[in-house]
Structure formats: structure tokens, C-alpha cells
Amino acid sequence: MSISQRQLALLLIAPGLALVAALFLYPLSFSLISAFTGPQGGVSLDAFRKAWELYSRDMLFTVVIVLASCLFTGLAAIIIAGTLTLGENRWIVGTLKALYRWPLFIPFIVAAQCMRTFLAKNGLMNNSFVAMGLMEPLQAVSFLDWRGIVATFVWKQTPFVALLLAGALAALDRATLEAGRNLGASRLRVLVELALPQVMPQLLVALVLSFVTMLSVLSVPMMVAGSQPTMLTVDMAFRINSYGDYATANALGVVTYLLSAGAAIIYLKRGMAKEGAT
Amino acid sequence: MRAGSQAMSRAGAAIEVRGLHVAYGGTKVLQDVDLDFAPGTFTALLGSSGCGKTTLLRALSGFVPIESGSIAVGGKDVAGLPPEKRGMAMVFQSYALWPHMTVLQNIGYGLKLRGVSKSDIAARVSSLLEMLGLAGYEDRKVTAMSGGQRQRVALGRALAIDPGILLLDEPLSNLDAKIRMTMRHEIRAIQQRLGVTTIHVTHDREEAMTMADRLVIMNAGHIAQIGTPEEVYDRPNSAFVANFMGAENVLPLHVAPGEGSAAITAGEARGVLAGQAGLELPAGEALAYFRDDVASLDAPDAAAGEDLVVPGRIAARSYPGGLYRYRVEAAGRQITVDHATRHEPGAAVGLRIPLSRLHIFPAAQASTPA
């Protein structure tokens, strides 16, 4: 019996396909089915109704937190990558280059713990301000709420976005930046008007990937801001750990998935536009 | 390209470079360069790769920091100013157009930076495009244009700000041969019409000769010779310049000065160069440089007259078109000669070289690698 080309091709991709099916498609399908299954079995939207009643505020909170984090991450990454590309002070550029990647190698949970000790009411930041005489001890407030989450996300994700952005900027024809300066543009204008528009696809991709990453982090909202409102990941963990309520947790998972899918669509559209252009 | 658009440039500015030193890390790239550019002139910086010509251009434009020296534009030292404050417009080798902008936005960018109104920018860009033969291309994306068209847009972008100084960094090297020839004439015509002081970096000898009023030949960070194309081509001041300008055949000689003339010996061949030219020759061992088209082939025992007839043997022959190209072994060297008549390889010939066409330098100086 001879194997046709088509069968051979299927055989070749079978191990990879099996892995995707076992580790991704099966749990995803299982969660989806669980989310749409009622207490008595059968298709039902009960879990979604319950998720909405209990956690609609957290849904909005999650979206706002992640979008704000993306915005600040993008700004910080632009400043870092812009300085690395257009900076003229060798000492500053060298120091920045050596330092900015460090948070990439620190897990979210460690970053969250660092932020707890840094942003707490009597944490390192406030203590430093008091020691410097910038404020009175009584004026100290805790930042361990939504601001702490945003700060941790930005701190953790900026190096990743800056790395991709700096790579994209370094790959630009340097002459296109020099041409701007030659015609009279300041370095800031060169960055904003000439360099960034050329690397916008890469920046957008880095931010989309960061959006999805931040959406799925449990440790940061749990450790930095334990109180309500909080992010959907914490709610999911709570439903399972406290109530064994997989259906509601899975419904929240579907909502998170839909949010990610929105970002993924932007990512894929970019990818297709790029392929179409080449 | 049409010539009927409005005159749009102020007179070109003068540049004075004094004692310029530039280094990358510990490597000295330019050493003690003194150079003047008169207003409205077209100067070509010519040299082989790594000679420092592009570094000189980038130092002028402010993209390379200088170690010491001064760069004065119109009497004002600009060496400490950033690129955007020097009033020089540059056309880059890669054109460096902004792919996310249209032709109008690219050319008008410098004007936008200067606060010119949108309608004035549109009018100015339109007149520039007409001059560049690209009328009606305002809304075209630069990525949808050919190499020659992009080159014109890059030139238009530089000219739009009405610069006193135009810097051209090998702008023609990415174009195919035919368009390159056309662009040479077009750039030269525009430069002459606008009167902008232009500095053109190139490694293409013919391009430099046909476009520039004046050539600056550079070698290893120094200026080897400055002069009009005729001066540099016909009267090179060193073996390097002679060799760089195409006199690639080298013949060892012995020069013996006499009464009002010099006796020249090359192996068995002898000749006498009378008059001032003979008196100026260096005495002793020397090397003569000459071009392929200067020498011709004759009988080995032909009368020398005012030439040098060096006996030799044809080692190889090729036919590049129009003339035969021979490689002749003579006086222990391989000499390339173009000649109309066909000879067979191995034949004994006399290599006839007019003495007045030789560029003769002392052997010690000439042995410097070219």
C-alpha cells in the first residue's frame, strides 16, 4: 500500500497537531462547554449572567487597567527606545542600554512583591520622600491599588516593548532620520514625525502582545491590590478556590478570551497587511 | 526636466575648512584638512573607499563630531552647531525618503519645519516638481516610484528649503547606468541655475569629472590634490593621483638630467625629453605612469623619435569593442595597451609611449601604495 503525498503531509504534521489539540484545543473546548452548561446540564447562559451580576465592575476595571498600562508602557518604551536610537550622550545611552532590559528577567510575582515593598504606605518610595524632606510622614498614602497594578505592569512590560521598538528603530535606514535633522528637525520631531510612523506596526504588535500578557496575570492584582475592585484573573481564582464554581470561572475566562481576541484581531490584521505588502 | 520654473535659491554660501581632524574611536579618519569652497561652485570629493571623503561631508553637515579645526559658513564657525542649524541640505546615497509620506509631504517637510503655510508649501513643491520633471506627482507615495524618480524627489526635498549649500553623498550610485548619465547633467544644470554651493562625494572618476568645476582628490584622510578636472587629469601631482585618475600602467625608468633636457632609459629603450618638462623631472630611479590609450604598438626596432619605444612581447589580447586590448610584457612589467591593429599573442612588439604623456615620479615616492 502506498501512501499518497497528502497522507504523508498529514502524517508529518500529526505530532504537532496532536500537541496543539491536547494542550490547547481540548482545555479550551472543555472550558467553553463548561461555561455554556447550566446546573442541570444543557446549554445555558446562567454562568454568564452570574458573572455579569457579580463582576461587571471588575470587567470594566480590568479593561481600563490593561489599556492604561498599555498606554503608559508604550510611552515609556518610546522614550527609552527613542533615547537609545537618537541619544547623543554616550554615557546616558550606554547606561540605559545596560539597565533597561533587567525587568524582562524578573517574574511577575517577584515584580509584584517588589512593588508591595516600594509602593506601600510606609514603603521605600514614601520613606525616601520623607527622608528627603519632600513630604511629611502623615501625608504618606499607599499606592497599593489600581495605581500599583498599573505601575507594576508598566515596569514589567516596558522593557519588552522597548526591546522590540529599539530593534525596529535600529533597523531603519539611519539616513531617513539624518535627513530630517539635516532639514532642520529637532531630535524630538525626528522621533515623533519620522521614526515612529515607520515602526508603528512593530510598536502595535508589541503592545498587543503586552495587552494579552497583562490580561492573564494573576499574581500582580492579587498581591498589589487585594481589595475590590480587582482584575478578572483574581475573580476566576476566587470562584474556583472558594466555591469550586468552575462554570462562572469559565464564563469569566470566555470574557477574558473575547478581550484577547479583540487584540488578536488587530495583531492578525497587521500581519496580513504586512504579508500583503511584501 | 523643464528649465522654466522660477528662480528659487539665494546665492550659494562660502565654506572655509581649517585644520580639520576627525577620528572614529582611536582611528584618525581626517587629518589637518584645509579646504575652501567658493560660493556657487560645484566641487567633487573623489577618492577610493575609506579615504575619508564621506566623513568630510558628514563632518561638514554635522553628523560626525570633529576633534579639532573649524568649519566656517559665510564667515561664521558652525563646527559646534547641530546638523539642523547649519543650513546645509543633503541628498543621501539611499535617498532617505520617508516611506510613510507622499511626495508632497517629503519635499514639503523642510518648509513645514520653517512654518511655511500649507498653500505656500503646495505651490513651492509644485514648482519644484515641474523643474524635476515630476509634475503632478504630489500625492504619489514615494514607495511607488522608480529609483530615478526617488532620486529626484530627494533632490527636490533638499532644494525646497532654498539651501546655500547642497551636499550630495553619492546620490547616483544606486541608479542604473543610463539614468545615471541623465541625472549627472540634470543635477549639474540645476546647480548652475540656482547657484548653490555644491559638494559631491563620489568614487566614480568620470562622474566627478563631468559634473564638477573642481576636484578634491583624497587619500587616507589627507587631500592629495585640488584642481580643475583638466589639471588633475593631465598634471597629477603624485603617483597616487596619477594612478587614481586612470594612469594605471607603471614603467620603471632612469632619469639622467643633461643640458636643457633629460635622458630617459627604460630597459633597452632610450629617449630624450627636451625643454622645461625635461628639466623638471626627478633625477635617478623613477616610475612612469600612463594610461592605456596613450601607448600604441609598433615594430620592436621602430625609430623612437620623440617617443620611448620599449621592446616587449604580447602576453594576451582581448576585444572590448572598437579597439583591441593587449597585455604586453615590457621592461619586466605587464602593460595594458589599446590599439586598433590586430596582433597575435606571443608577437614581439615595440611599445611606443610619447614621453610628454608620461607622469614621472621618483621611485621612492611612487612606491607609496596607491
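I will begin with chain B as a whole, then turn to a few of its strands, and end with a helix in chain A.

Please keep in mind throughout that this is a predicted model, and that what I describe is computed from it. Chain B holds 10 helices and 20 strands, and its C-alpha trace extends over about 80 × 45 × 35 Å along the principal axes. Of the 370 residues in chain B, 44% are buried, and if we take the contacts between residues at least 6 apart in sequence, 69% of them link residues that are at least 24 apart.

Let me now go to strand β11 of chain B, residues 249-257, which has partners that we can follow one at a time. With β14 of chain B, residues 284-290, it pairs in the antiparallel sense through seven bridges, and within that pairing B:Leu253 sits opposite B:Ala286. Strand β12 of chain B, residues 261-266, also runs antiparallel to β11, joined to it by four bridges, and here B:Val255 has B:Ile264 as its bridge partner.

Finally, what happens at A:Ala14 in helix α1 of chain A, residues 5-35? The helix bends there by about 50°, and a proline, A:Pro15, follows within four residues.

Notes: Residues numbered from 1 in each chain as written. Chains lettered and ligands numbered in written order. Predicted model: local features only at pLDDT ≥ 70, side-chain atom pairs only at ≥ 80, totals over all residues. Bend = angle between axes of the 7 residues up to and from the residue. Helix = DSSP H or I, 4+ residues; strand = E, 2+ residues; numbered from the N terminus. Pairing = 2+ DSSP bridges. Buried ≥ 20, exposed ≤ 12 C-beta atoms within 10 Å, placed from the backbone. Contact = placed C-beta atoms within 7 Å.
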